[in-house]
Amino acid sequence: MAVITNINDLKRLHRRRTPKMFYDYAESGSYTEQTFRDNTSDFAKLRLRQKVAVDMSGRTTASTMIGRDVAMPVGLAPVGLCGMQSADGEIKAARAAERFGVPFTLSTMSICSIEDVAAHTTKPFWFQLYVMRDWDFVERTLERARNAGCDALVLTLDLQILGQRHKDLKNGLSAPPKMTLPTMLDLATKWRWGLGMLGTKRRFFGNIVGHAKGVGDASSLMSWTNEQFDPKLDWDKIARVRDMWGGKLILKGVLDEDDARLCADFGADALIVSNHGGRQLDGALSSIRMLPRIVRAVGDKIEVHMDSGIRSGQDVLKALALGARGTYIGRAYLHGLGAMGEAGVTKALDVIQKELDISMALCGERDVKELGLQNLLIPDDFEGRWA
Ligand code: GLV
């Protein structure tokens with residue numbers, strides 16, 4: 001067994017063990033993938049400020065996100081088709097997150113249903129919603145999340161229509177996969193994945209199939225999105241969701257200061273600076289590059305969280321030092337899941353926490369809540385001048 005020391009090790013195993021169609025789904029951005037690449041390369045432009053001869057004992061990565069205690073401010077982001085990376089993937093990821101003490105967010109487009117995940121966990125998880133044209137479906141889904149004990153709603157604002165990811169079209173992405181010759185040849189080498197899938201009933205979109213009416217092709221994320229997601233989402237509709245939900249609300253997918261101000265005025269509990277992992281508007285700026293401006297605009301009025309591009313504890317440190325109160329990982333935990341199931345998600349969290357802890361110590365900090373601009377070296381042109 002190879003020694004796993006970083007997220008890239010998990011990524012290599014994920015690629016080897018998971019059908020190409022699902023690995024590619026995870027590892028894609030939209031169109032030219034410029035924003036997808038910038039999300040990680042812009043993190044690398046920030047450097048950390050080393051401090052010596054300061055007491056580094058008694059360190060803690062514990063913090064809070066929207067009032068919830070977390071072992072580190074790193075949640076698991078909602079990920080569609082997570083249960084196709086590994087059988088029962090959402091249950092495995094939720095259990096790993098629960099044991100670790102970080103929030104797990106279940107996607108509307110998950111394979112395991114809300115009830116499945118609730119039945120296999122003991123603490124509340126968060127639920128992510130896409131606003132659909134069918135308000136009965138929205139209402140019933142929110143009720144199911146409430147009944148399952150979900151204690152925050154993450155409302156995604158940046159995916160009412162789907163940015164094209166070329167690989168998904170070329171691979172014929174579907175859940176479960178259709179048995180074409182290339183898929184069968186690929187699956188022949190992914191026996192571990194296949195055995196897992198044979199042992200579970202959860203192979204369809206668990207929150208959709210049997211719950212939504214009039215779905216044309218329920219196995220295709222693309223056709224489901226085109227048919228069902230509401231392209232007329234606006235602030236009135238967001239308010240309607242808020243009122244239906246009545247609990248904590250996180251608005252996800254904000255990449256603009258004016259939009260961030262609207263989120264703060266709206267009275268949400270947090271916003272997530274995000275470009276959906278570079279999967280939606282190709283050509284948008286990276287999340288880490290937009291983060292400082294959004295923090296300056298609204299950081300004293302609303303909790304600012306961020307995702308898109310985090311692959312290490314050093315990345316988490318940089319985001320927190322720029323003012324994020326919480327962060328999320330998507331691909332970084334999927335690599336663990338695809339590589340080694342639940343143990344792989346735990347490994348991913350462990351890797352990131354250790355990197356965060358050691359880097360914090362070498363920056364002369366003992367408490368993750370004290371990280372700030374004093375810990376960073378930021379190049380002059382980092383934010384850029386964009387007219
Ligand atoms: C769904 O959230 C996706 O990015 O595919």
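## Charges over rings

Arg242 lies over the face of Phe266. The distance to the ring centre is 4.2 Å. This is a predicted model.

## Aromatic pairs

A pair of aromatic rings is described by two values: the distance of the centres and the angle of the planes. The count here comes to four aromatic pairs. One of them joins Phe137 and Trp224. Their ring centres are 6.2 Å apart and their planes stand at 75 degrees, so the pair is edge-to-face; the cut-off for that class is over 60 degrees.

Phe137 belongs to helix α6 (residues 135–147), and Trp224 to helix α10 (residues 221–228). The pair therefore ties together parts that are 87 residues apart in sequence. Phe137 and Trp224 are both buried.

## The Trp235–Phe266 pair

Trp235 and Phe266 also form an aromatic pair. This one is tilted, with 5.3 Å centre to centre and 55 degrees between the planes. Trp235 lies in helix α11 (residues 235–245) and Phe266 in helix α12 (residues 257–266). The pair links distant parts of the chain, 31 residues apart.

Are these two residues buried or partly exposed? Trp235 has 28% relative accessibility, so it counts as partly exposed. Phe266 has 15% relative accessibility, so it counts as buried. The cut-off for buried is under 20%.

Technical notes. Residues are numbered from 1 along each chain as its sequence is written. This is a predicted model: local features need pLDDT of at least 70, side-chain atom pairs count only at pLDDT 80 or more; totals for chains, interfaces and linings use all residues. Side-chain values use heavy atoms; hydrogens and water are left out. Rings of Phe, Tyr and Trp (its six-membered ring) pair if their centres lie within 6.5 Å; planes under 30 degrees apart count as stacked, over 60 as edge-to-face and the rest as tilted. Helices (H or I, at least four residues) and strands (E, at least two) are DSSP runs, numbered from the N terminus. Buried means under 20% relative accessible area, exposed over 50%, partly exposed in between (1.4 Å probe, protein chains only). A charge sits over a ring if NZ of Lys or CZ of Arg is within 6 Å of the ring centre and within 35 degrees of the ring normal.
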